[in-house]
Amino acid sequence: MGKINAVRGTRDLLPPDTALWNFVEDTVRDVFRAYNFQEIRTPIFESTELFARGVGEETDIVSKEMYTWEDRAGKASDQLLEMLENIRETLGGSTEETLKYISSSKAQIEAEKWKAQSLTLRPENTAGIVRAYIEHKMWDRGLNKFFSIGPMFRRERPQKGRYRQFYQIDAEIIGPPSAGSESPARDAEILELLATLLDRVGIKDWTLELNSVGCPNDRVKFNEALRKALEPVVNKMCADCQRRATTNPLRVFDCKVPEDQPIIEKLPRISHFLDEPCSKHFEEVKGILKAVGVDFVENDRLVRGLDYYTRTAFEFTHGALGAQKAILGGGRYDGLSEALGGPAAPGIGFAIGEDRLVLSLSKSTEEATRTPDVYIAPLGEGMNREAARLARELRRSEKDLVVELGDESFRLKKSFEAADKVKARYILIVGENEVKADAFALKHLASGKQVTVPRAELAARISSK
Ligand code: HAM
């Protein structure tokens with residue numbers, strides 16, 4: 001039989017690499033705690049319409065990259081059908097009309113049952129979080145500060161730093177305008193948090209690229225100017241751009257076709273179309289960033305690949321990543337809640353590509369891996385029980401020890417080899433004599449130094465390095 005491998009664009013994250021992932025996730029959880037963000041977990045699949053309306057039909061993500069399928073309405077109608085069948089049976093002898101009514105209901109439910117619902121594996125998490133905000137009426141809580149960590153799915157061409165299942169660390173601040181959700185202070189807070197977070201995981205050479213993409217007001221004028229500028233050149237552009245030029249000209253900036261770049265370079269920029277409130281908002285964001293000492297560069301070509309953005313938009317890039325240099329991206333989405341049928345709820349957030357973050361780390365897997373403090377080697381028949389007792393004591397001690405446990409069938413030499421293999425610091429010999437004396441031979445593997453330690457002192461001795 002042929003062997004089965006992981007699907008193209010997906011991958012297994014294995015130890016020791018997973019130690020780096022754990023290091024990243026532990027660190028970001030600490031940072032989120034310091035900024036008072038709380039975890040939210042939303043489903044991995046949602047109705048397709050959420051992304052079509054939230055992210056935008058014309059975006060590459062929605063038009064080309066989603067994993068979408070038709071799902072049967074299924075269970076509820078199955079239950080209903082069963083109920084009707086029970087009723088029909090118990091009513092066996094009753095009037096013809098009741099039976100007819102039940103039969104026609106059954107037929108209707110049967111038809112409904114096969115009605116498909118379009119579902120999609122989430123390509124991003126902002127739309128899902130805003131959906132949850134609306135569904136659970138979370139405006140009552142004032143300003144919500146959420147974070148989430150989990151897999152996303154996009155059918156992109158796989159390469160280094162680009163996968164079909166990848167992981168995002170996402171954060172969103174969302175709430176009613178009365179809670180201050182629109183304030184530039186929130187934008188600056190999010191950006192300063194990111195600078196801190198990258199410092200804490202040890203990523204130094206990042207660049208924050210910052211832009212304001214304005215509000216719907218500015219967008220009307222900007223789109224008009226874009227359409228006008230595109231008119232004489234659009235026939236020289238790729239098929240996607242030709243379509244975008246009429247449907248959603250802003251998306252022309254997503255184009256990656258090299259031949260189109262000189263044309264795109266000359267197009268008007270959103271920065272010239274910002275109205276007074278949007279300019280002021282942007283100035284204030286930049287002002288706070290300067291005050292707190294977070295460096296940034298302005299990039300007025302940065303429009304981001306999702307339609308919900310308003311005002312502040314940003315990316316953090318890192319040279320080590322090559323072509324896929326965006327470690328993270330985000331921005332403001334003041335109209336998204338309304339587009340999804342909710343109340344006004346301005347918001348701002350970001351998503352870090354965790355795969356890319358891990359690729360950019362300077363920390364090695366060895367540095368991130370915690371190896372055993374001690375390897376317990378039971379020596380001879382009956383010693384597994386004694387070793388298990390000792391392991392339990394040491395693992396439950398307050399010294400936070402990592403304990404590896406061997407097997408009594410191993411000869412001493414094999415135990416030493418096993419202890420070496422897991423890179424244990426000490427080996428602890430549990431033989432009959434040791435058990436009788438209630439004191440154990442503890443050998444430091446690097447120096448070869450061996451001491452006999454009474455049971456009660458073992459945890460302290462092992463943890464003292
Ligand atoms: P995005 O720019 O589409 O934004 O994705 C954010 C980050 O996810 C990217 O910068 C990149 O690091 C990572 N990423 C995207 N696609 C892939 C892939 N195929 N393989 C590996 N990493 C990838 C969003 O998703 C928005 N929801 C961000 C946001 C949150 N805006 C506001 N709030």
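Biologist: How far is a nitrogen atom of the ligand from an N or O atom in the side chain of E172?

Modeller: This is a predicted model: local features need pLDDT of at least 70, side-chain atom pairs need pLDDT 80 or more, and totals for chains, interfaces and linings use all residues. Side-chain values use heavy atoms, without hydrogens and water, and residues are numbered from 1 along each chain as its sequence is written. A polar contact is a pair of N or O atoms within 3.5 Å (within protein, one must be able to donate a hydrogen and the other to accept it, and residues adjacent in sequence count only if both atoms are side-chain atoms). For E172 the distance to the ligand nitrogen is 2.9 Å.

Biologist: What percentage of the ligand's exposed area does the protein bury?

Modeller: Areas come from the Shrake-Rupley method with a 1.4 Å probe; for residues, only the protein chains shown count as cover. Alone, the ligand exposes 660 Å². The buried part is 96%.

Biologist: Which element gives the largest share of the shell around the ligand?

Modeller: Strands are DSSP runs (E, at least two residues) and helices are H or I runs of at least four, numbered from the N terminus. β6 (165-174), β10 (326-332) and β11 (347-353) each supply at least two shell residues. The largest share, 6 residues, is from β10.

Biologist: What is the volume of the largest cavity?

Modeller: On a 1 Å grid over the protein atoms alone, a cavity is a set of points where a 1.4 Å probe fits but cannot get out; a pocket is an open set with protein on both sides within 12 Å along at least five of seven lines, and lining residues have an atom within 4 Å of a point. Points join across faces, edges and corners, and volume is the space filled by probe spheres set on them. The lining consists of T10, R11, L13, Q165, Y167 and D355. The volume is about 40 Å³.

Biologist: Which elements give two or more residues to the lining of the second largest pocket?

Modeller: This pocket has a volume of about 240 Å³. P16, T365 and K423 are among its lining residues. The elements are α14 (365-368) and β13 (403-405).
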